[in-house]
Amino acid sequence: MKSLTVAALAALVAVASALNGGNISTFVDPATGHEIRHFDCSVNRGKASSHFNETIKFLHRNSRRPNQVGTRAASLVRKQTVSPALTIKTYIHLITTTAKEGTLTQATAQAQLDALNKAYNPIGITFVLADVSIDANDAWSAADGSAMDELKQARRQGTYADLNLYFHSDLSGGVLGTCTLPSKVTAQTQPSQYFTDGCNINAATMPGGALTGYNQGMTAVHETGHWLGLLHTFEGYSCDGDGDSIADTPMQSTSTDGCPMKPAKDSCPTQSGVDPVHNYMDYSSDACYESFTPGQVSRIQNMWAEYRKGF
């Protein structure tokens, strides 16, 4: 399977269609021939539960004055001050068409897990591989419509605290990946009620995959950030408002293509700071990604305690 060169990919991006006011670019996935809308994984406040949105508003508004807020908000803020190490059981599901059977393996899954740990270990999170499932199923490989539900009902494992990553050889929808944000469950909530929880990712983005520039496993790192409760650094595509509701990520009105550094990308020149192109929650190319901010780390800790801890 022949990969595009970096130059060829750049050329495709340069001539691609501009969507959503220029915030989304398209290019062709060399593994499938499908048009990819990398800069639209479709995760935003509008896809979140009302409880999630209320929680991040509380945190954003009150994180610097916990003694002056209501009981629930103060409790949430206090949780941010605790920094326990997290170990997360991870189930990786590899799905190909029958024609591509055998192209995704246990070694592929391990390489992806290693990429996750390289990104998250510095902030105290370790992913432990609990199981790998491998399926050759044409409908599941695209995961379009009812096939997505069928796949997840059949393959999702563990509790609400366990990460399920689905890697598809022919993911539909023109995205590199998408994921669910956390939502409130209780001790009485059955796994059958949250079977959709998890991330769906184009397999060509796994380490060594066919998608040049996006094949170091960072799409899974980005999508897992959503699963842990983070929004995009450019949430809202505006220089005003709450953005991602995290104080130490600069305001950003456009998502990032590639890795612009000289000059620095600054989509909100009237606000402090330049665009955080090295942040895992922007849309930069894989090699550009480097870190989370302290505020994002606190947010992950808080959201874990609020939504997934104990399940």
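Modeller: Contact means heavy atoms within 4.5 Å. By that rule, and leaving out residues up to four places away in sequence, S285 touches G213, Y214, G258 and C259. Before you ask: this is a predicted model, where local features need pLDDT of at least 70 and side-chain atom pairs count only at pLDDT 80 or more, while totals for chains, interfaces and linings use all residues. Residues are numbered from 1 along each chain as its sequence is written, and side-chain values use heavy atoms, with hydrogens and water left out.

Biologist: Okay, S285 sits in the loop between α7 and α8. What makes S285 count as buried?

Modeller: Its relative accessibility is 14%, and buried means under 20% relative accessible area (exposed is over 50%, partly exposed in between; 1.4 Å probe, protein chains only). So S285 passes the cut-off and counts as buried.

Biologist: How much of the whole protein counts as buried?

Modeller: Of the 311 residues, 51%. Also, among contacts between residues at least 6 apart in sequence, 69% join residues at least 24 apart.

Biologist: What do you find for helices and strands?

Modeller: Eight helices and seven strands. They are DSSP runs numbered from the N terminus: H or I for helices, at least four residues, and E for strands, at least two.

Biologist: How do you know that the length of α2 agrees with its residue count?

Modeller: The expected span is 1.5 Å times one less than the number of residues. Helix α2 (residues 50-62) has 13 residues, which should span 18 Å, and its end C-alpha atoms are 18 Å apart, so the two agree. Its buried residues are F52, N53, T55, I56, L59 and N62.

Biologist: How does α8 do on that test?

Modeller: Its 15 residues should span 21 Å and the end C-alpha atoms are 20 Å apart, which agrees.

Biologist: Why is α8 called largely enclosed by the rest of the structure?

Modeller: Because twelve of its 15 residues are buried. Among them are R299, W304, E306 and R308. After α8 comes G310, whose phi is positive, near 90°.

Biologist: What makes a set of residues a nonpolar core, and how many residues has the largest one?

Modeller: The members are buried Ala, Val, Leu, Ile, Met, Phe, Trp, Tyr and Cys residues joined through side-chain atoms within 4.5 Å. The largest has 37 residues, and Y120 and F167 have the most contacts inside it. Elements supplying at least two of its residues include β3, α7 and α8, while the largest share, six residues, comes from α4. Apart from it lies another core, of twelve residues, among them C41, I56, Y283 and Y307.
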